[in-house]
Amino acid sequence: MVKVMPASLSRIEREYVIRSLEDIQSPLSILSDNTLFHVPGSAYEIDAERITVTGLFPGKRESLPIRVFFRHKQRGLFFNSIVEQLADGRVVFGISGELFKEDLGTSGSGFPRISIASESFSFEAISTPSWPLDCVMVNPAVSLERAETIDKLTAKAGITAVNPLLSCRLFDYLDAFRSRGPSGSAGSFPGELFYLDHTHALVAFRNPGTATVGMTAVGTAQKLAVQIIYDSRTIRTNAILRGIIPVQVNLDVLCLSIDETQEEDKRFLFEKLHKLKYKG
């Protein structure tokens, strides 16, 4: 089975990237408690592999887990860390020993898939190497510059109070689609699963035709039967269609809420996809 996993840098690569980050002061995006903070290069300092940020996390606590995103030579990277000190408007956290890079796979074999059905239709979508579900990157410069557009797309998808990684992936997918189209194997699969977490799924369906038109009304209590196959695990749950974004005549993006997923399955999805401890 082929799996896409975030690839970590070698020791030499890591040292080079950190030196470059010290010199260039690339902007950062920091994910904390389901909130994404954007930090310009002028707002932080690096010393002895520790980053000190001014004016971030007002009212937050020490020992807070965070995920830090940045770009190096047009490639996305991130690391996980813990807030070590919090005083006088300054936050200090270390640079983890593991830096993970955007590393797209070359084969779709073994990737998670989702099937969606009602009494009148059924669809299947599979994830693809171009949009690895367990490696959602944030481009700090784009996220800050296009923040208003990202917020509007998120609202159009019918999403509120959601993981900001979903919003970033939705924007990136639609932005990339304009230049290269859907990245899945259209000949083999009618849909592409390009985002998944423990509460939501984003799916692009090709040539949905009358099936999409006949779907349950957006945001109603009417439920869709959903089955997610991830590795050797099969998850069965219900979904509500929160929003539809038409991309072109033969393709729509659907946002599904899967809040009714069993708690043990939510834990599996969260920890598998985010590589963080699930807290419910």
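Biologist: What makes the largest cavity a cavity, and what is its volume?

Modeller: In this predicted model, the volume of the largest cavity is about 60 Å³. On a 1 Å grid over the protein atoms alone, a cavity is a set of points where a 1.4 Å probe fits but cannot get out. Grid points are joined across faces, edges and corners, and the volume is the space filled by probe spheres set on the points. The model is predicted, so local features need pLDDT of at least 70 and side-chain atom pairs count only at pLDDT 80 or more, whereas totals for chains, interfaces and linings use all residues. Residues are numbered from 1 along each chain as its sequence is written, and side-chain values use heavy atoms, with hydrogens and water left out.

Biologist: How do you know which residues line the largest cavity?

Modeller: A lining residue has an atom within 4 Å of a point. Those that line the largest cavity include Arg67, Phe78, Asp134 and His274. By class, this lining has six nonpolar, one polar and two charged residues; Ala, Val, Leu, Ile, Met, Phe, Trp, Tyr, Cys and Pro count as nonpolar, Asp, Glu, Lys and Arg as charged, and the others, Gly among them, as polar.

Biologist: Which element gives the largest share of the lining of the second largest cavity?

Modeller: That cavity, of about 30 Å³, is lined by Asn139, Val142, Ser143, Ile150, Cys168, Phe171 and Asp172. Helix H2 (140-145) and helix H4 (164-180) each give two or more residues, and H4 gives the largest share, three. Helices are DSSP runs (H or I, at least four residues), numbered from the N terminus.

Biologist: What makes Leu170 a contact partner of Leu153?

Modeller: Contact means heavy atoms within 4.5 Å. With neighbours within four places in sequence left aside, the contacts of Leu170 include Leu153, Phe194 and Val253.

Note on methods: 1 Å grid on protein atoms, 1.4 Å probe; cavity = no way out; pocket = protein on both sides within 12 Å on 5 of 7 lines; lining within 4 Å.
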